[in-house]
Amino acid sequence: MVFRPQLEPVVERGLRDVGSCHARQSLDELIAGARRVHPDGAVTRIEILEGGYGATTIRFADTTGVTVNPCTGSVLGQRHQWDGLFGTIEQWHRLRFIDNPDITELIGGSVSLLLALIMVVGGAVLWWPSSLRALKGSFKFRWHLTGGAFERSLHRSVGTYAGLILLMSAATSLTFTFDWARNALFFAAGSRLPAPKPAIKATSAAMLPAEIFIERALSMLPNAREITLTYPRNVRDAVEIYAIERGAPHPNARSYVYLNPYTADVLRFEPYAASSAGNRIYRWLGSLHTAKVGGLPVQLLLFAGILGVPVLAYTGIRSALRRVPLANAGRKPVMRAARQEQGPPAESLNTDSQCGQIDFGPGN
């Protein structure tokens, strides 16, 4: 998932390679072509690349997406939203095998927060060194050590670095998982919370063709590179269009246009450049969570932090298992002493030699 921007165009080349053209077909023609291979269900969303000249995906109510070539109208392929390599990984990462999105976000966010507290904060409390010198030593990898000493040292060093990265990953997920975290962010930035999506009066009129909506959006966002058009869920909802413009600071810098589905009137326009500081920070944190800011260095940094998790698990379990035999060995002399108190044969009792071999522990 960290390297998805580089890998997905290679893995899914067949769904993205459309060549180039000077004129594209209308969205309504592309929808008609998609319906020939997927005749059932309503269209819920249209995902458009390269400002209308890239691969266009018509997504239906069952989340199946039919990808078409906007120049020729030919179908490039179809699949469920959670099919394919990255679709499957994302489904498990976001727990989307559970039907209720609100429940999945609550579970995912709660588990992320809990593990961050246990692994990172709890580990830091147990490990925190007693001196500044020891703290500086925790950042050093001691490759010359062997056995249990090396494992304990590796656990501390990897935990020091990976803990900071994992804490960042968990913290950045909170704002788009919990309302209280998002509200706190906007409050700290001195920004108002985003306004509710605009609503319209219910009507029995027919919705306008999709091409009208995309043309209106492109007239307001002529530099749009990626466009997502979401259809209304009920008669009072607006058509929601968000776009990522060319030259955007990160892939989550969304500009929004809300249109009346029956008149194409602009109900609200929210360009990213004019948005509040709270919204810009909120969107930036979303891109940071997926390593889509900072380029390859941030991707490698997050990947290294993720690789630290199995290393911490292995070294932690190994260190715990190494202590078990030592603990058992320390209890055996006490057991022998207890048996002697029960009355061994007088001729076998040698107080001087026995007491020299028995470790009664502190206070005895």
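Keep in mind that the model is predicted. A search of the whole structure turns up 9 aromatic pairs, and the structure holds 1 disulfide. Strand β7 is largely enclosed by the rest of the structure, because 5 of its 5 residues are buried.

**Aromatic rings**

- Two numbers do the work here: a pair of aromatic rings is described by the distance of the centres and the angle of the planes.
- Take F3 and F303, one of the 9 aromatic pairs: the ring centres sit 5.4 Å apart with the planes at 70°, so this pair is edge-to-face. The reasoning is simply that planes over 60 degrees apart count that way.
- W143 and F150 are arranged another way: their ring centres are 6.1 Å apart and their planes are at 40°, so the pair is tilted.
- W143 is exposed, with a relative accessible area of 60%, while F150 is partly exposed at 23%.
- W143 and F150 also belong to one aromatic cluster, together with F141 and Y161.
- There's a charge over a ring as well: R254 lies over the face of Y242, at 4.0 Å from the ring centre.

**The disulfide**

- As a reminder, a disulfide is a covalent bond between the sulfur atoms of two cysteines.
- Here the cysteines are C21 and C71, with an S to S distance of 1.9 Å.
- The link of C21 and C71 is left-handed, with -70° about the S-S bond.
- The bond bridges distant parts of the chain, 50 residues apart: C21 is in the loop between α1 and α2 (27-37), and C71 is in the loop between β3 (64-68) and β4 (75-80).
- The two ends fall into separate burial classes, with a cut-off at 20% relative accessible area: C21 counts as partly exposed at 24% relative accessibility, and C71 counts as buried at 18%.

**Helix α2 and its buried face**

- The buried residues in α2 are L27, L30, I31, G33 and A34.
- Look down the axis of α2 and its buried residues fall within an arc of 160°, so they line one face of the helix.
- What do the buried residues of α2 pack against? They pack against β1 (43-48), β2 (56-60), β3, β4 and α8 (210-220).

- Strand β7 covers residues 255-259.
- In a regular strand the side chains alternate between the two faces of the sheet.
- In β7, S255, V257 and L259 point one way and Y256 and Y258 the other way, and all are buried.
- Strand β6 (residues 239-245) runs antiparallel to β7, and 5 bridges join them.
- β7 also pairs with strand β8 (residues 266-270), in the antiparallel sense, over 4 bridges. In that pairing, V257 stands opposite F269 in β8.
- β7 and β8 make a hairpin with 6 residues between them, and A264 in the turn has a positive phi of about 65°.

**Two single residues**

- E240 is found in strand β6, and its bridge partner in β7 is Y258.
- Is E240 buried or exposed? E240 counts as buried, at 12% relative accessibility.
- Leaving aside neighbours within four places in sequence, E240 is in contact with K197, T228, L229, T230, Y256, V257 and Y258.
- A320 has its place in helix α10 and is partly exposed, with a relative accessible area of 32%.
- A320 and R152 are 168 residues apart in sequence, yet 10.0 Å apart in space, C-alpha to C-alpha.

Technical notes:
Residues are numbered from 1 along each chain as its sequence is written. This is a predicted model: local features need pLDDT of at least 70, side-chain atom pairs count only at pLDDT 80 or more; totals for chains, interfaces and linings use all residues. Side-chain values use heavy atoms; hydrogens and water are left out. Rings of Phe, Tyr and Trp (its six-membered ring) pair if their centres lie within 6.5 Å; planes under 30 degrees apart count as stacked, over 60 as edge-to-face and the rest as tilted. Buried means under 20% relative accessible area, exposed over 50%, partly exposed in between (1.4 Å probe, protein chains only). A charge sits over a ring if NZ of Lys or CZ of Arg is within 6 Å of the ring centre and within 35 degrees of the ring normal. A disulfide is a pair of cysteine sulfur atoms within 2.5 Å. Helices (H or I, at least four residues) and strands (E, at least two) are DSSP runs, numbered from the N terminus. Two strands pair if DSSP finds at least two bridges between them. The arc is that of the directions from the helix axis to the C-beta atoms. Contact means heavy atoms within 4.5 Å.
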